[in-house]
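Please open the structure in your viewer and keep the selection tool at hand.

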Amino acid sequence: MKIRAIHWFKYSSPQNFYFLAGRLWPWFAVLAAVLMAVGLWISFFVAPTDAQQGQGYRIIFVHVPASQMSMFIYMVMAAWAGLGLAFNTRLSGMMASALAPTGALFAFLSLITGALWGKPMWGAWWVWDARLTSELILLFLYLGFLALQSSIDDPRRADKACAVLALVGVVNVPIIYFSVKWWNTLHQGASVSLTSAPSMASTMLTGMLVMVVAFWMYSIAAALARVRCIILERERHTEWVKHAVE
Amino acid sequence: MMAFTFKPLGLASVMLAVLRREVSLAMRQKGEVLTPLVFFVVIASLFPLGIGPESALLLRMAPGVLWVSALLAAMLSLQRLFATDYADGSLEQMALSPTPLGLLVAAKALSHFLLSGLPLVLMAPVLGLQFGLDSQALKILMISLLLGTPTLSLIGSIGAALTLGVRGAGVLLSLLILPLYIPVLIFGAGAVEADAAGLGASGHLSLLAALLVLSLFFAPLATTAALRISLE
């Protein structure tokens, strides 16, 4: 019996990954652009007007995928960070720092779109709802990660310190979420919640799913493109980079 | 030839030695202990000036205001938790010593609590009186601070270790640590409010104790990892 060994660790070298990422990211970018065009078309022209919320609800096609991605990217970032600490691989830290700005962007986008949705629906730009508050704290965690990254000059040390921070953060995210949730019920804050919204029409659901996949593709493409820049920056003293950029 | 044989110290006595060292160092510079305390009093006194002297409003806000002030005051002295030991090299000696670094770190966090958390616990009732809290609320406030401030010191030690020898460490430390303090703040201030609302504070206090146990176990691990990275 012949088993073909797969060299999983081949792409853990920044040099190999640089070229792999270079081949992959345009595909993800094209997919993201196409899916986003389709998703936006469905959400603006195909999906019916909501009986209760009118046209204003359409922002959830951006809002829901953005908040999902912001939470998911933090988990992925922490996973890369953990890998980096466990195996001492350089690429893991680079991936974590490539993901952080995208995650922060989505957290910000989700807060902005949430505010834009909340004004016509709830009558307020901001309510201290459990979800909103924990999303805001998630943005703070991203900002802390980015700030720590940028204030340590040695990139290896920055990666490791940020890895510890990301792991501490990921342990804390559920604790923060539940504490904010219980705090909210004690204070009797917003009485309107997303969970009580009526069930969605199937075209709305399709549009949402397409947008979710589009945001996934965008995140992957952005992370790969960014990690290529990080690799070039950190490996600039090596011979292969000199050849690669020529 | 003389053989160097060291009798290994027990873990408890090592921790006690670290504690004694921290306390005696702090006693030689009393300002370091007093500054956070004064800061706490000043911050808590600023709120009525900003909000107005209405006693009903102040009573309503007191637990939150006192807890936020305590949080900021406890953070004020965090930066020095490892910085002086890092500067004079004794932190490296601790990292090299046969005693697990996690235990030494836990002892340092405990000393931080004794020197900056405990004074806040003792000062809080005085400030609470100014806000018009009754004796039952003051009792709950003190218990919640007593359970919460050690957690603040433990979580804070992670941040202090991460920002060791880093540019702009002070501001960075607050950016990293304050979001992680939120659960402690919620349950700490919530305990007093729940008691005032007639719900009983035991639920919140139990959660505070749970956070303390959790951070007592995990925070020294994370701090140790962060210190080893900083000392590389």
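Two residues are in contact if their C-beta atoms, placed from the backbone, lie within 7 Å. Residues are numbered from 1 along each chain as its sequence is written, while chains are lettered from A and ligands numbered from 1 in the order in which they are written. The model is predicted: local features need pLDDT of at least 70, side-chain atom pairs count only at pLDDT 80 or more, and totals for chains, interfaces and linings use all residues.

**First selection: chain A, coloured by confidence.** The pLDDT is the predictor's confidence in each residue, from 0 to 100. Chain A has an average pLDDT of 84, and 90% of its residues score at least 70. Now select residues 188-193 of chain A, where the pLDDT is below 50; beyond near neighbours in sequence, this stretch has eight contacts in the model.

**Next, chain B.** Helices (H or I, at least four residues) and strands (E, at least two) are DSSP runs, numbered from the N terminus. Chain B contains nine helices and zero strands. Its C-alpha atoms fill a box of roughly 75 × 35 × 30 Å along the principal axes. Of the contacts in chain B with a separation of 6 or more, 80% join residues 24 or more positions apart.

**Then the side of chain A that touches chain B.** Here 23 residues of chain A are in contact with 22 residues of chain B. Select helix 4 (130-151) and helix 5 (155-187) of chain A, the elements that give two or more residues to this side. Helix 5 of chain A provides the largest share, 14 residues. By class, this side of chain A has 17 nonpolar, four polar and two charged residues (Ala, Val, Leu, Ile, Met, Phe, Trp, Tyr, Cys and Pro count as nonpolar, Asp, Glu, Lys and Arg as charged, and the others, Gly among them, as polar).

Where is Leu165(A) placed? Leu165(A) is in helix 5 of chain A. This residue is buried, with 26 other C-beta atoms within 10 Å (buried requires 20 or more, exposed 12 or fewer, and partly exposed lies in between). Leaving aside neighbours within four places in sequence, Leu165(A) is in contact with Gly144(A), Phe145(A), Leu148(A), Leu162(B) and Leu176(B). Select Ala81(A) as well: its C-alpha atom is separated by 9.0 Å from that of Leu165(A), although the two are 84 residues apart along the chain.
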